[in-house]
Amino acid sequence: MASRMFIRSKSIAFNTLRTYSSSTKLVDVSINDKTGIATVTMQRPPVNSLNLELLTELNGALQDLGSKKIKGAILTSSLKTIFSAGLDILEMYKPKPERASAFWTSLQDTWLTLYSTPYPTVAAINGHSPAGGCLLSLACEYRIMVNNYTIGLNETKLGIVAPFWFVASMKNVISHRESELALTSGRLYKTDEALKVGLIDETAENKDDALAKAEKFFARFDAVNPIARLLTKQELRGETIKELEDRKQEDLDRFVGFLMLPAVQKGLDVYLQALKKKQ
Ligand SMILES: CCCCCCCC/C=C/CC(=O)SCCNC(=O)CCNC(=O)[C@H](O)C(C)(C)COP(=O)(O)OP(=O)(O)OC[C@H]1O[C@@H](n2cnc3c(N)ncnc32)[C@H](O)[C@@H]1OP(=O)(O)O
């Protein structure tokens, strides 16, 4: 983990700022050359559900930013009412074991990259953000959420269990007690409720407001030594990162084994049917 961060901290010092824009099919990255702020936009309609391809592109984009001199990165969505619907349930429903392994590994890797970025990160949560969507935002350093949406780790509502690093991500942001209440009941918080428990840091009127507030958050570091900032982040996050790095294979085996259980497949089937019937 230490090497993950140190390599990137060197790149902060040696690269120069330049205008940058890159768009893959599922992720758009742009760097504002005046502010030095990168905006990473997930764009997988209809709901930005996280499949193998989106996660692979997102991880690549976040890693690339580690070699550029940026002031910070904002993670957001191109969709009007959804940040991310979480993991693509179709990746878990009747999966081929090899695809399920690649999918889960890409989620682990994306979380590891985002949780340990050398640059500051803000989630501009411009829509609903259940489960894996909430996980992505929890991996950022700061969360700004547009009013009247929902966020939370609702895994138990799908009959599945949030892995230890999902739980740790939440416990590192809100209290142990609130995490227990939230996770066991699969609670989705409305924006104002999320603010009250500290799951998000600020609310916003709309996406533009969220982006403007993110810029102000990054300005907090103008007078802070970037290496001191990074080492402090590493100190605070290192233990959680190391636990997943040490238990990555065990976590993968559990995930694939869990998906193969008939009761889990039945639960996902019921949940998917309910989602489709909603219309
Ligand atoms: C011990 C180790 C065990 C490990 C266990 C595994 C742990 C893994 C943890 C999982 C975390 C997850 O992320 S699971 C995903 C959880 N996500 C949700 O519960 C969200 C479900 N979706 C919604 O609530 C809503 O779609 C929405 C609020 C996000 C948006 O609502 P809206 O009304 O705008 O859109 P629709 O509901 O009509 O959806 C449009 C379209 O998208 C399909 N859809 C929605 N969400 C997902 C999804 N997560 N994956 C795949 N597909 C999704 C929905 O069915 C609609 O499809 P159709 O147009 O075909 O009907």
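The crossing of α3 and α10 is right-handed, a crossing being left-handed if the near helix is turned anticlockwise from the far one by less than a right angle and right-handed if clockwise. The structure is a predicted model, in which local features need pLDDT of at least 70, side-chain atom pairs count only at pLDDT 80 or more, and totals for chains, interfaces and linings use all residues. Residues are numbered from 1 along each chain as its sequence is written. Helices (H or I, at least four residues) and strands (E, at least two) are DSSP runs, numbered from the N terminus.

Two packed helices are described by the angle between their axes and the distance between the axes. For helix α3 (residues 97-115) and α10, the axes come within 10 Å and cross at roughly 135 degrees. The arrangement of α3 relative to α10 is therefore oblique. Axes here are lines fitted to C-alpha atoms, for helices over the stretch in contact, with angles running from 0 to 180 degrees between N-to-C directions. Angles under 35 degrees count as roughly parallel, over 145 as roughly antiparallel, 65 to 115 as roughly perpendicular and the rest as oblique. On the α3 side, the contact involves P97, A100, S101, W104, T105 and Q108, which meet K248, D251, L252, F255, V256 and L259 of α10; two residues are in contact if their C-beta atoms, placed from the backbone, lie within 7 Å. By class, the residues of this contact between α3 and α10 comprise 7 nonpolar, 3 polar and 2 charged. In this classification Ala, Val, Leu, Ile, Met, Phe, Trp, Tyr, Cys and Pro are nonpolar, Asp, Glu, Lys and Arg are charged, and the others, Gly among them, are polar.

The contact of α4 with α5 contains 5 nonpolar residues, 1 polar residue and no charged residue.

Several backbone features occur in loops. The loop between β3 (37-42) and α2 (52-65) holds P46, and the peptide bond from P45 to P46 is cis, with omega near 5 degrees. N48 is also found in the loop between β3 and α2 and has a positive phi of about 50 degrees although it is not a glycine. N48 is buried, with 27 other C-beta atoms within 10 Å; a residue is buried if 20 or more other C-beta atoms, placed from the backbone, lie within 10 Å of its own, exposed if 12 or fewer, and partly exposed in between. In the loop between β7 (142-146) and β8 (150-152) lies N148, a residue other than glycine with a positive phi near 70 degrees. N148 counts as exposed, with 12 C-beta neighbours inside 10 Å.
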